[in-house]
Amino acid sequence: NIPQELREWYEVVQRAMKVYINASYGVFGHSKFPFYTPSAAESVTAIGRYVISATIVKAKELGLKVLYGDTDSLFVWNPSEEILQKLRGWVINTFGLDLEVDKKYKFVAFALKKNYLGIQVDGVIDIKGLMGKKRNVPKILQETFIDVVNVFSKLNNTPESMEDVKESLKRRVHELYMKLKEKSFTLDEVAYRTTLNKDPSEYVKTTPQHVKAAKQLINNGINISRGDIILYVKVRSKDKVKAIQLAKLDDVDVDSYLEYARSILEQVLIPFNISWDDIAGTVKLEVFMR
């Protein structure tokens, strides 16, 4: 019954509290913290691990099929309301914690630890931890990732739809592979975008890739300072990167982008038993047959 505006406000508040609480115990494990106490951080982690592990064991005892559990969440297969209530009651009585149903999925693909892609029963796509959704991913890879995610929304409960989705995934990844191999892209499509958090001169011990690109621009008479967004591409050179203003299409290190594309897309291909190597091998065979 809570109005949508108030619901959104509470959502922001709870996310902020989660970040604060996580940092509040995690900082005890940081050697620079004045109250550095590793045992405090370890204890909180150990208790959390014990709670979720014990809950998984209890869920199995109640006959629930546990798909995945991590940190503060538990994924179970098609549970009855009666069994869920028994599990909730046990968690409250044992640990004093309130277990609630957060989301219901009609399909979910677990890639790596804390990384999954789910389609909720209302059609909403839920992405957690996957690399393709990060802001600094090059446009050409980000758009492919979005296309691949949208393919999932076509899934229903029939084997035919699963096969259709698998073929669509293969086709879309195949298109990306060919586009990269043949350099059928613009520099803007393969550019990384990273903001300078400090002035380039302040980076002394280590020089991140976007800072290398920033210093290239400075050496070419372009003023760069903290807060500027640096656009750069991966190239075959000593620095491994080049500012987009100074780069040419022939400079682009295609192998580097293919490897990054693989790491991003394998997260969603593996749950469907689709191999990146199979797609790459098919492409090579097609080229040979031309």
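1. R15 and E11 lie four residues apart in helix 1 (residues 4–26), so about one helical turn separates them. Helices here are DSSP runs of H or I with at least four residues, strands are runs of E with at least two, and both are numbered from the N terminus. The side chains of R15 and E11 form a salt bridge, 2.9 Å from N to O. The term means a side-chain nitrogen of Lys or Arg within 4 Å of a carboxyl oxygen of Asp or Glu. E11 is partly exposed, at 32% relative accessibility. On this scale buried is under 20% relative accessible area, exposed is over 50%, and partly exposed is in between (1.4 Å probe, protein chains only).

2. This is a predicted model, in which local features need pLDDT of at least 70, side-chain atom pairs count only at pLDDT 80 or more, and totals for chains, interfaces and linings use all residues. Residues are numbered from 1 along each chain as its sequence is written, and side-chain values use heavy atoms, with hydrogens and water left out.

3. D277 and R262 also pair through a salt bridge, at 2.9 Å from N to O. This pair links distant parts of the chain, 15 residues apart: D277 sits in helix 8 (residues 276–289) and R262 in helix 7 (residues 254–269). D277 is partly exposed at 44%, and R262 is partly exposed at 23%.

4. R193 and D188 form a salt bridge of 2.6 Å, N to O. R193 is partly exposed at 32% relative accessibility; D188 is partly exposed, with a relative accessible area of 32%.

5. Salt bridges also join D147, R172 and E175 in a network. The whole structure holds 15 salt bridges.
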